[in-house]
Structure formats: structure tokens, C-alpha cells
Amino acid sequence: MYPKIDFIYLSEPDMIEAGVLDAARCVDVCEETFSLLGKGDYLMGGANHNSHGMNIVFPKTSPFPNMPVAGPDRRFAAMPGYLGGRFDVCGNKWYGSNHANAEKGLPRSILTMMLNDKDTGAPLALMSANLLSAARTGAVPGVAAKHLANPDAKTVSVVGCGPINKACFVAIMTQLKDVAKVVCFDLFQEKADEFAKWVSETYNVQAIGVNEAEFGFRDADVITVAASRLKPLHFNDDWIKEGATILVSGPVNTDESFLTSAKIVYDHTALHEAYVEDAIGSGNKEAYYSGVIGGPFYRLIDAGKLPALTDSTGLGDVVNGEKPGRVNKSERVIFIACGMSVFDISWGYELMQTAREHGIGQQLNLWDKPSQA
């Protein structure tokens with residue numbers, strides 16, 4: 001193969017043709033990824049091998065006229081990783097985000113994914129990653145629903161009716177077969193109603209839109225939360241019924257009594273340990289906690305009101321049968337997902353293999369022979 005290096009480019013239409021929207025398949029791949037996480041057959045960034053990624057933090061002001069300055073949800077992040085098992089590949093998701101993109105008719109985030117040979121560093125595939133990232137973000141709570149929710153769940157609540165929660169809902173519905181009612185909550189009633197209409201037409205179940213948080217949480221069997229980071233939600237302990245499963249993919253606030261009485265399962269405890277390390281290193285731990293999904297849990301751990309992360313349960317532990325997930329039908333379970341590059345890598349690898357098998361995408365040449373060797 002070497003020294004000539006070719007790789008494939010997959011546009012968004014190519015990714016769709018390769019199956020990026022196949023939610024059930026994505027859940028299966030993410031479940032496999034959780035198993036590898038639980039076994040430790042992976043690497044991510046940082047000295048602890050568990051960093052979520054490295055961000056460019058923009059200043060509030062700058063003397064340089066062309067330098068970007070801070071704005072709502074404005075950031076760049078590199079999310080590198082290695083995943084073992086049958087994947088055995090390195091990759092990096094390059095994440096650009098700016099809330100002002102909507103004014104230009106663009107999505108808030110614009111993402112690309114690169115997969116590389118683990119030994120040489122040679123590129124294997126460059127791909128559009130918006131749909132890839134959304135699919136794997138949705139599939140993570142899909143895996144959690146499979147392992148943590150009561151399988152006879154009848155009512156699902158969607159808290160936050162944006163594209164990420166649509167991906168979460170689609171993945172969750174591949175695992176729950178008895179759903180008869182869906183409650184769609186959003187701060188904007190029009191968005192909630194639009195989502196409910198789509199649910200009803202797509203799944204032929206009863207669906208209603210609401211704009212009051214209590215109606216979005218009360219009496220639901222499974223709740224998927226992916227609301228705006230700019231307006232974190234608060235839900236009350238007494239809104240959450242016995243046996244409910246809350247799948248958290250965005251920031252929330254709730255009563256301490258709920259967090260200390262519910263069964264907590266993290267996506268990967270080592271990732272959260274890395275977040276706490278970063279919080280301590282930032283010099284302002286409280287401010288850091290306020291900016292991450294796990295912050296309310298870390299505060300309670302620091303106060304001795306929740307078990308240490310090293311004594312807690314990750315979903316990989318549950319998938320591998322190392323620790324129990326749900327232990328009875330009445331237990332309330334909360335699952336915390338913060339996002340990891342290894343899921344982009346595994347789903348990207350799966351789609352790259354499909355693209356190769358079916359001749360999808362454009363073949364690109366890095367070089368026929370390197371000028372320097």
C-alpha cells in the first residue's frame with residue numbers, strides 16, 4: 001500500500017447512502033463501543049487518556065481585528081481517540097460551533113471526521129460528520145434504554161425538541177417496543193407541536209406537545225433530555241414516577257433528593273474523573289462544574305452525598321455484566337452522557353467499511369510517493 005496513499009472522502013449524501021441514519025445499527029455499534037470502554041481497550045486525549053477534547057477558548061475582547069471573540073456556544077474542539085477491538089483505528093472529530101450560524105442559514109455546529117491508520121498516521125477516510133455525530137449521540141441513550149429502562153415502558157417524554165433529541169428518540173424507539181404515548185416538551189409550543197406531529201406520523205402513536213416543564217417530566221416511563229445549554233432545565237423530584245429512566249444528554253438541574261435516591265449510571269466513569277481533574281486544574285472548580293453536564297453530580301460527590309466515581313457504575317460495566325444496571329422495576333434510574341470521540345470513531349469506521357464495500361464516496365490521493373521520507 002505504501003508509499004502511495006489514497007483515502008476516501010464521504011460527503012453528507014455519501015454518509016446517508018452508507019447508512020448513517022440507520023439508528024438500530026448505530027445502537028449496536030455503540031453498544032460494542034461501550035463494551036470496549038468497559039474493558040479499557042481505547043485511548044482518548046490527554047495524559048489520562050480520557051479527555052473529552054481540546055478546545056480553543058476565544059477571548060472576550062481582542063486587539064486583533066480578525067481574531068474571533070467569545071459568543072454564545074462558540075468554540076472549536078479537536079476530539080482525538082483510538083478504539084480497539086475490531087475497529088483498531090485512530091480518529092479525530094473536528095468540532096466547530098457558533099450559535100450565530102443560524103443567521104447564515106447554517107447549523108450551529110459544523111463537524112468533520114478523519115480516520116487514520118493507527119501505525120503510520122496515514123488518512124483512511126475524511127467524512128462529513130454532522131449526521132454521524134447526531135446519530136451516535138442518539139445511539140448512546142439508545143444503548144442505555146436497552147440496558148436500563150423497563151422493557152414494557154409505555155410513555156416516553158422528549159425534553160427539548162431539537163435535532164439532537166430527535167436522534168435520541170429515534171434510537172430509543174428501536175429498543176422500546178410497547179410505547180403508546182409520547183410527550184414532547186419545548187419552551188416553544190410551536191416546536192413541541194411540530195415534534196409531536198412528526199412522532200405521530202412516523203410511529204403511529206399518540207403524541208402531544210407541551211411547553212411546561214412539569215408536563216414534560218411527570219408520569220413518564222422514559223425521559224430523554226437534550227435541551228439547550230443556554231437554558232438548563234430544572235425538574236422536581238416528585239415529578240419523577242417510580243421505575244422511570246431519565247436519559248440525560250444535555251444539562252439539567254434537579255432536587256438533591258432525586259439525585260441521592262436514584263440509581264446513577266454514567267456513560268464512562270473515567271471520563272467524568274477527567275472532567276473533575278480539569279475542573280480542579282482550571283482554578284475555579286465551581287464555575288467549571290456549572291459548565292458541564294455532570295456538574296450537579298460532582299458537587300454531591302465532593303460533599304460525600306454520592307459515591308466516588310471510582311465506586312460508581314459506567315454503562316460499559318453494565319454491558320459487560322461487571323456491575324448491575326436496573327435491579328428492579330420500581331427503581332428510578334438516571335443515565336448521564338457527555339459524549340466521547342470513540343463513538344464517532346466506531347460509527348465512522350462502520351460507515352467507512354460500508355462505503356468501501358459498495359463503492360460510495362470519492363477516492364482521493366495524498367501522494368504517490370512522499371517528497372520527504
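Trainee: Which side chains meet in a salt bridge at 2.9 Å, N to O?
Mentor: Those of D221 and K241. Keep in mind that this is a predicted model.

Trainee: Where do D221 and K241 sit?
Mentor: D221 is in the loop between α6 (213-217) and β11, and K241 is in the loop between β12 (233-235) and β13 (245-248). The pair therefore ties together parts that are 20 residues apart in sequence.

Trainee: Is D221 buried or exposed?
Mentor: D221 has a relative accessible area of 16%, and buried means under 20%, so D221 is buried. K241 counts as partly exposed, at 30% relative accessibility.

Trainee: How many salt bridges are there in the whole structure?
Mentor: A search finds 20. One of them joins E350 and R25, with the closest N and O atoms 3.4 Å apart.

Trainee: Which helices do E350 and R25 lie in?
Mentor: E350 lies in helix α12 (residues 341-358) and R25 in helix α2 (residues 23-39). Parts that are 325 residues apart in sequence are therefore tied together by this pair. E350 is buried, with a relative accessible area of 15%.

Trainee: Which residues are linked with R25 and E350 in a network of salt bridges?
Mentor: E32 and R86 are linked with them in that network.

Trainee: New topic. What order do the eight strands of the open sheet take?
Mentor: The order is β10-β9-β8-β11-β13-β17-β15-β16, and the pairing is parallel.

Trainee: Which strands stand at the edges?
Mentor: β10 (206-210) and β16 (313-314) do. Each has a single partner strand, so one side of each is left without a neighbour in the sheet.

Trainee: What do strands of a sheet pair through, in general?
Mentor: Backbone hydrogen bonds, and the pairing can be parallel or antiparallel.

Trainee: How many bridges join β8 to β11?
Mentor: Four bridges join strand β8 (residues 155-159) to strand β11 (residues 222-225), and the two run parallel. As an example, S157 has I223 as its bridge partner in β11.

Trainee: Moving on to helix α10. Why is α10 described as largely enclosed by the rest of the structure?
Mentor: Because six of the eight residues of α10 (residues 295-302) are buried.

Trainee: Which residues of α10 are buried?
Mentor: G295, P296, F297, Y298, L300 and I301.

Trainee: And what covers the buried residues of α10?
Mentor: The cover includes the helices α7 (256-261), α8 (269-281) and α9 (285-290). It also includes the strands β14 (252-254), β15 (263-266) and β17 (333-336).

Trainee: Which residue's side chain meets that of K305 in a salt bridge?
Mentor: E256 is the partner, at 3.1 Å, N to O. The pair links distant parts of the chain, with K305 in the loop between α10 and β16 and E256 in helix α7, 49 residues apart.

Trainee: How accessible are K305 and E256?
Mentor: K305 is partly exposed at 43% relative accessibility. E256 is partly exposed too, with a relative accessible area of 39%.

Trainee: Last one, about the surface. Which residues make the nonpolar patch of about 270 Å²?
Mentor: I56, F76 and W94 make it. F76 is found in strand β4 (residues 75-83), and F76 is partly exposed, with a relative accessible area of 33%.

Key: Residues numbered from 1 in each chain as written. Predicted model: local features only at pLDDT ≥ 70, side-chain atom pairs only at ≥ 80, totals over all residues. Heavy atoms only, no water. Buried < 20%, exposed > 50% of the residue type's maximum accessible area, 1.4 Å probe, protein only. Contact = heavy atoms within 4.5 Å. Patch = residues over 30% accessible without salt bridge, like charges linked within 9 Å, V, L, I, M, F, W, Y side chains within 5 Å. Areas by Shrake-Rupley, 256 points an atom, 1.4 Å probe, with all protein chains shown as cover. Salt bridge = Lys/Arg side-chain N within 4 Å of Asp/Glu carboxyl O. Pairing = 2+ DSSP bridges.
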